[in-house]
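Subject: Structure handover and notes

Dear colleague,

I am passing on the structure below, and I would be grateful if you could read the notes with the coordinates open beside them.

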Amino acid sequence: MISKLKKAERLESKDTYYITEYIWRVLIVSKLILPLLIRTNIKPNHITIFAMFCVASSFILLYLGHNILSGILFLIYSIADHTDGMLARLRDQSTKLGHWLDYICDYMAWFGLIILATYVYHISIFCASFVAFALLFHQQFCKHFIHSKLKKLNKIYRFGLKKYLLERGILLGIDVSLLAIILSISIFSLKFELCFYTLGIIYLIDILYRIIELYHNIKLNGGG
């Protein structure tokens, strides 16, 4: 079942996971949640709507000063965010509506928290802009430029620590699971600026590494 639940956009032929993604998708969703959901009439879009409810409730609680409950609901949103897509692939129920609902839910969670933290907890505009730019740029640049370029190459070469971990089924970098965990930590601790700057720096380092990796791959594949 795990192979069927693999993300379609992955470049590697074998199952690979980010560490936090493995915890969310394999240890929690695949082993604990999906076996229960598969026996019900609950559809993937129902899970996405539930995730939206968790995000909205998390923000209301954070605004009211209940940061612990808010952080817990944000983590539940993250788990639900993985569950809807995995359930859709398992049942072959993927739809354009589901894709867009998932997209809206994620951006509502990520950027909604940045806006709320800026308004309620008075983090600096520079900090909010920095993490928002890094997050959005990473999402769009890596997906639409770097990823598409790598897919066109005859062979993809990995290097250093990334190669070592990949041979063991582990991806090096940041994914939505780690993003949600760091954002949840920012809610639990109310250390928004520290967590936001940390996120932004991680994203920029990951982008730089991917650019270098793409450049070397183009050269090794006979490019300019």
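The model is predicted, with local features requiring pLDDT of at least 70, side-chain atom pairs counted only at pLDDT 80 or more, and totals for chains, interfaces and linings using all residues. Residues are numbered from 1 along each chain as its sequence is written, and side-chain values use heavy atoms, with hydrogens and water left out.

Helices and strands here are DSSP runs, numbered from the N terminus, with helices being H or I over at least four residues and strands being E over at least two. Helix 4 covers residues 96-120, and because its 25 residues should span 36 Å at 1.5 Å a residue, the 35 Å between its end C-alpha atoms agrees with expectation; the expected span is defined as 1.5 Å times one less than the number of residues.

The UniProt record, an unreviewed entry, places the feature "transmembrane region" at residues 50-80, 107-137, 165-188 and 194-212. Those positions are given in the numbering used here, with feature names shortened, and the annotations may be inferred rather than shown by experiment. For residues 107-137, the model gives 87% helix and 0% strand, with the end C-alpha atoms 13 Å apart, while residues 165-188 are 62% helix and 8% strand, with the end C-alpha atoms 31 Å apart.

The largest nonpolar core has 49 residues, and those with the most contacts inside it are Phe74, Tyr77, Trp110 and Phe196. Such a core is a set of buried Ala, Val, Leu, Ile, Met, Phe, Trp, Tyr and Cys residues joined through side-chain atoms within 4.5 Å, and buried means under 20% relative accessible area, with exposed being over 50% and partly exposed in between (1.4 Å probe, protein chains only). Two or more residues of this core come from each of helix 1 (19-37), helix 2 (44-63), helix 3 (67-91), helix 4, helix 5 (125-151), helix 7 (176-189) and helix 8 (192-220). Helix 4 supplies the largest share, 10 residues. At least three residues of the core are drawn from each of domain 1 (14-121) and domain 2 (123-218), the bounds being those of an automatic or database domain assignment.

How many disulfides does the model contain? The count is zero, taking a disulfide as a pair of cysteine sulfur atoms within 2.5 Å. Cys54, in helix 2, is buried at a relative accessible area of 1%, and its sulfur is 8.5 Å from the closest cysteine sulfur, that of Cys105, which is too far for a bond. Cys195 is also buried, at 9% relative accessibility, and its sulfur is too far for a bond because the closest cysteine sulfur, in Cys127, is 9.6 Å away.

Asp92, in the loop between helix 3 and helix 4, has phi near 55°, a positive value in a residue other than glycine, and it is exposed, with a relative accessible area of 63%. His122, in the loop between helix 4 and helix 5, has a positive phi of about 55° although it is not a glycine, and at 64% relative accessibility it counts as exposed.

Finally, here are some reference points for orientation. Ile185, in helix 7, is partly exposed at 43% relative accessibility, and its C-alpha lies 41 Å from that of Leu220, 35 residues apart in sequence.

With best wishes
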